[in-house]
Amino acid sequence: MPFNDSDAYGQFMGRFSEPLAAQLASTIAARPGQRALDVGCGTGALTARFVDVLGVESVRAIDPSPPFIERMHERFPDLDSQVASAESIPFEDQSFDIAAAQLVVHFMTDPVAGIREMARVTRPGGTVAASVWDHGGDTSPLALFWKAAKRFDHTAKDGSELAGATEGHLQQIFVDAGVTEVLGMLSTVRVEFTSFDEWWQPYLLGVGPAGEYVNTLDADAIVGLRAECARLLPDGPFGVDASAWVAIGRAAG
C-alpha cells in the first residue's frame with residue numbers, strides 16, 4: 001500500500017512508531033562497527049536509532065514511497081536512502097550486519113520474498129528483524145477505531161488478515177524465508193493524548209487502510225463513526241497502549 005504524504009503519516013502513526021522503533025532497536029542491540037539497513041524506512045524512526053549508534057556512514061535505508069525518501073533526504077542529508085521495495089533490495093549479498101523492517105511486512109507484496117531479500121543482504125549469522133502491529137490480537141493502535149467502525153459496518157477490514165498481524169505468523173514468515181534461530185515477542189508502547197480530538201483528527205488525513213476507509217464514507221457516516229469512537233474514549237487526557245509482534249533471527253550461512 002502506498003503512503004503518499006509523509007507529513008500526514010507522521011501525524012497519524014509517527015507518535016506510535018517512534019517509541020516502537022526505540023524498543024526494536026534495543027532488541028536488535030546494534031554495536032558500533034556494524035552496518036545496518038532499514039527496509040521500508042518511512043519517516044526514519046528506526047533509521048535514526050541506527051544512525052545514533054552506528055553513524056550515518058554505516059546505515060542505509062530504502063522505501064517504495066518517494067515522499068518518504070524525500071523526507072529522509074531532508075532529515076538525513078548524508079544518508080544513502082533510495083526508493084526501492086523489500087522484494088528487490090538494491091544491495092549486494094552480505095552487505096550488512098543487520099536488516100530490519102518496522103511496520104512494513106504486512107504491506108509487502110510478497111512478505112516471504114521480502115524477508116528472504118533482507119536475509120540475502122545480511123552476512124551469515126547477522127540479524128534480521130521485523131515488527132507488525134497486533135491487528136489480529138486486537139491490541140494495535142487502530143483497534144478501537146476498527147471496533148467502532150464494525151459497530152455499524154460489519155464489512156470493515158480491521159487488518160487482522162494482514163501478513164504477520166496474528167500471533168506466530170511473523171515468525172513463520174521468517175522461517176519460510178530461510179531465516180534461522182527465529183524468536184518472537186510482543187512489544188508494547190503507550191502514547192498519551194490530551195483530548196479525543198487529538199486522537200481523532202489524524203484519521204481524516206487519508207493515511208493507510210484506516211484513512212482510506214474513512215475516505216469511502218459520506219459526511220453522515222463520518223459523523224456517526226466519530227460519535228461511536230467518542231463513546232469508547234474519554235474526552236480528557238488518556239493513554240493508548242499499542243502492541244506489535246516482533247520477529248528476530250539470523251541470516252543463514
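Mentor: Let's start with a definition: helices (H or I, at least four residues) and strands (E, at least two) are DSSP runs, numbered from the N terminus. Ser17 falls in helix 1, residues 6-28. Before you go on, keep in mind that this is a predicted model, where local features need pLDDT of at least 70, side-chain atom pairs count only at pLDDT 80 or more, and totals for chains, interfaces and linings use all residues. Residues are numbered from 1 along each chain as its sequence is written, and side-chain values use heavy atoms, with hydrogens and water left out.

Trainee: How many helices and strands does the chain have?
Mentor: The chain comes to nine helices and seven strands.

Trainee: Why is Ser17 called buried?
Mentor: Buried means under 20% relative accessible area, exposed over 50%, and partly exposed in between (1.4 Å probe, protein chains only). Ser17 has 3% relative accessibility, so it counts as buried.

Trainee: Which residues does Ser17 touch?
Mentor: A contact means heavy atoms within 4.5 Å. Not counting residues up to four places away in sequence, Ser17 touches Tyr9, Ala45, Gln102 and Leu103.

Trainee: What makes Leu103 worth a look in its backbone?
Mentor: Phi of Leu103 is near 55 degrees, a positive value in a residue other than glycine. Most residues other than glycine have a negative phi. Leu103 sits in the loop between strand 4 (96-102) and helix 4 (111-120), and Leu103 is buried because its relative accessibility is 8%.

Trainee: Where is Ala29, and is Ala29 buried or partly exposed?
Mentor: Ala29 is in the loop between helix 1 and strand 1 (36-39). Its relative accessibility is 41%, so Ala29 counts as partly exposed. Phi of Ala29 is also near 55 degrees, again positive in a residue other than glycine.

Trainee: How do you know how many disulfides there are?
Mentor: A disulfide is a pair of cysteine sulfur atoms within 2.5 Å. A search of the whole structure finds zero of them. As for individual cysteines, Cys41 is buried because its relative accessible area is 6%, and Cys229 is buried because its value is 0%.

Trainee: What makes Thr47 buried, and which residues does Thr47 touch?
Mentor: Thr47 has 0% relative accessibility, so it counts as buried. Thr47 is in helix 2, residues 45-54.

Trainee: Why is Asp158 called buried?
Mentor: Asp158 has a relative accessible area of 19%, so the label is buried. Asp158 lies in the loop between helix 5 (143-152) and helix 6 (169-176). Beyond residues up to four places away in sequence, Asp158 touches His135, Trp146 and Lys150. The C-alpha atoms of Asp158 and Leu144, 14 residues apart along the chain, are separated by 9.9 Å.

Trainee: Why is Glu87 called partly exposed?
Mentor: Glu87 has a relative accessible area of 24%, so it belongs to the partly exposed class. Glu87 is in the loop between strand 3 (80-83) and strand 4. Its contacts, not counting residues up to four places away in sequence, include Met108, Thr109 and Asp110. Glu87 and Ser58 are 29 residues apart in sequence and 22 Å apart in space, C-alpha to C-alpha.

Trainee: What makes Thr122 buried?
Mentor: Thr122 is at 1% relative accessibility, so it counts as buried. Thr122 is in strand 5, residues 122-133. Thr122 and Arg35 are 87 residues apart in sequence and 9.4 Å apart in space, C-alpha to C-alpha.

Trainee: How do you know that the chain agrees with a compact globule?
Mentor: The radius of gyration is taken over C-alpha atoms, and the globule rule is 2.2 Å times the number of residues to the power 0.38. With 253 residues, the rule gives a radius near 18 Å, and the chain has 18 Å, so the two agree. Buried residues make up 53% of the 253 residues. Among contacts with a separation of 6 or more, 75% join residues 24 or more positions apart.
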